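Please read the structure below alongside the text.

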Amino acid sequence: MKILILLGAPGAGKGTVAQYLAENYDVRHFSTGNLLRNEVKKESDIGLRVKDILGSGGLVGDDIVNEIVSKNIGEVLSTGSLIILDGYPRTRNQAIELDRMMSGSLKDEIRVLELAVDNEVVVQRISQRRVCASCGKTYGPQDKIEVCSCGGELIKRKDDEEAVVRSRLEKYEEETRPVSDYYADRLVKVSGEGKPEEVAQRVDKTLAKFEIKKRR
Ligand SMILES: [Zn+2]
């Protein structure tokens with residue numbers, strides 16, 4: 001049993017790596033965002049609380065996120081696949097709570113892969129990014145096209161403007177640096193710079209070190 005936590009600033013390429021892992025390894029994705037949305041849809045107790053908080057423009061706190069994780073992680077752990085945690089733990093408190101949930105030796109099965117990308121590279125990547133207005137597919141500077149493959153218009157999102165990106169990076173640093181410090185002895189840093197296939201090679205090497213086998 002292995003749990004892999006993906007850490008990385010916005011624009012570091014976590015989404016691309018997660019997709020690569022899904023295609024090449026026997027993995028189960030554990031997304032707290034999806035779990036939250038499911039609870040809201042089911043209108044469960046937690047779901048209704050989340051709906052209230054979001055409806056009033058608030059942020060879902062550690063206590064609710066931890067509650068949702070502890071409610072669902074047992075089922076996921078019983079599948080025997082490599083579990084990828086994406087977007088969780090986001091704060092040091094969540095990381096401590098996750099260790100508490102993983103009774104005994106399970107704690108040692110947690111490994112952390114942090115995608116490290118220089119801030120200037122992220123700013124460049126994101127501020128050159130365009131998104132399809134109809135299907136949401138993202139395009140980089142290497143895509144010299146004006147229209148999405150689905151026929152949709154390519155636009156620049158407000159969130160992708162340089163000033164916004166810089167403030168998101170600052171916020172990430174403030175919130176998540178303590179998480180990677182907490183995991184120092186279980187963490188490997190992988191450079192997220194360069195071509196996707198170069199990053200993929202580094203990821204393969206790191207997972208081999210963790211004794212996680214690629215799917216054949
Ligand atoms: Zn499209």
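Predicted model: local features only at pLDDT ≥ 70, side-chain atom pairs only at ≥ 80, totals over all residues.

Six of its six residues are buried, so S1 is largely enclosed by the rest of the structure. Ile-3, Ile-5 and Leu-7 point one way from the strand, while Leu-4, Leu-6 and Gly-8 point the other way, and all are buried. A residue is called buried here if 20 or more other C-beta atoms lie within 10 Å of its own.

S1 pairs with two strands. With strand S3 (residues 82–86), S1 pairs in the parallel sense over four bridges, and Leu-6 has Asp-86 in S3 as its bridge partner. With S4, the pairing of S1 is also in the parallel sense and runs over six bridges; here the bridge partner of Leu-7 is Glu-114 in S4.

Strand S4 (residues 110–116) in turn pairs with S8, in the parallel sense and over five bridges. In this pairing Val-112 stands opposite Leu-187 of S8.

Next comes helix H4. It spans residues 62–77, 16 residues in total, and reaches 21 Å from its first C-alpha to its last, which is close to the 22 Å expected at 1.5 Å a residue. H4 does bend, by about 30° at Lys-71.

Which residues of H4 are buried? They are Val-65, Asn-66, Ile-68, Val-69 and Ile-73. These buried residues pack against helix H2 (32–42), helix H3 (45–55) and helix H5 (92–101).

The packing of H4 with H2 can be described in more detail. Their axes lie 10 Å apart and the helices pack at an angle of about 90°, which means that H2 is roughly perpendicular to H4. On the H2 side the contact is made by Thr-32, Leu-35, Leu-36 and Glu-39. On the H4 side, the contact is made by Val-65, Ile-68, Val-69 and Asn-72. Of these H4 residues, Val-65, Ile-68 and Val-69 are among the buried ones of the helix.

Key. Residues numbered from 1 in each chain as written. Expected span 1.5 Å × (residues − 1). Bend = angle between axes of the 7 residues up to and from the residue. Buried ≥ 20, exposed ≤ 12 C-beta atoms within 10 Å, placed from the backbone. Contact = placed C-beta atoms within 7 Å. Pairing = 2+ DSSP bridges. Axes fitted to C-alpha atoms, helices over the stretch in contact; angles between N-to-C directions. Parallel < 35°, antiparallel > 145°, perpendicular 65-115°, else oblique.
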